[in-house]
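The sequence and structure come first, and the notes follow by topic.

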Amino acid sequence: MENIAFRKPYNLSQIIYVISKDIEKNGFKNTNFCLYTNEEEVASSDLICYLDLNPTITDDDEEVYPDFVINESLEFFYDGQQFEDVLMNVLHQKKQASIDDFILGLNYYMEHDTFMDF
């Protein structure tokens, strides 16, 4: 993912823009990342998010989050693979998808655990 660094604050709209363009150009990446935030857990274009690695799972099935996530008191917001899946689904349905279309798709997926029909 060019132009997006881990552990830096970005508006969700910036992340959507970069990742959706990358998907259009290169397809699904299956990259090891999650989105984290310390704000409300509803997607909006100005929601501040951070990318970092996925949590690791201990032998006792406990999730261990990256140090940065813990130190900054961030909460899990979106799994990177699911995030890419939702963006890809929106792009399949709407070739000229707007940031608002992606936001609707992300919120719909969080609430219904399925893709939104546009």
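Tyr 78 and Phe 83 are both buried, where buried means under 20% relative accessible area, exposed means over 50%, and partly exposed is in between (1.4 Å probe, protein chains only). The model is predicted: local features need pLDDT of at least 70, side-chain atom pairs count only at pLDDT 80 or more, and totals for chains, interfaces and linings use all residues. Residues are numbered from 1 along each chain as its sequence is written, and side-chain values use heavy atoms, with hydrogens and water left out.

**Aromatic pairs**

- Rings of Phe, Tyr and Trp (its six-membered ring) pair if their centres lie within 6.5 Å; planes under 30 degrees apart count as stacked, over 60 as edge-to-face and the rest as tilted.
- The count by this rule is 6 aromatic pairs.
- One of them joins Tyr 36 and Tyr 65, whose ring centres are 6.1 Å apart with planes at 85°, so this pair is edge-to-face.
- Tyr 36 lies in strand β2 (residues 34–37) and Tyr 65 in the loop between β5 (63–64) and α2 (67–71), so the pair ties together parts that are 29 residues apart in sequence.
- Helices (H or I, at least four residues) and strands (E, at least two) are DSSP runs, numbered from the N terminus.
- Tyr 36 has a relative accessible area of 0% and is therefore buried, whereas Tyr 65, at 25%, is partly exposed.
- The rings of Tyr 78 and Phe 83 have centres 5.8 Å apart and planes at 75°, so they too are edge-to-face.
- Ring pairs also connect Tyr 36, Tyr 65 and Phe 76 into a cluster.

**Cysteines**

- A disulfide is a covalent bond between the sulfur atoms of two cysteines.
- Here it is assigned to a pair of cysteine sulfur atoms within 2.5 Å, and the structure holds 0 disulfides.
- Cys 34 counts as buried because its relative accessibility is 1%, and Cys 49 counts as buried at 0%.

**Histidine 92**

- His 92 is in helix α3, which spans residues 80–93.
- Is His 92 buried or exposed? Its relative accessibility is 60%, so His 92 counts as exposed.
- His 92 and Phe 28 are 64 residues apart in sequence, with a C-alpha to C-alpha distance of 12 Å in space.
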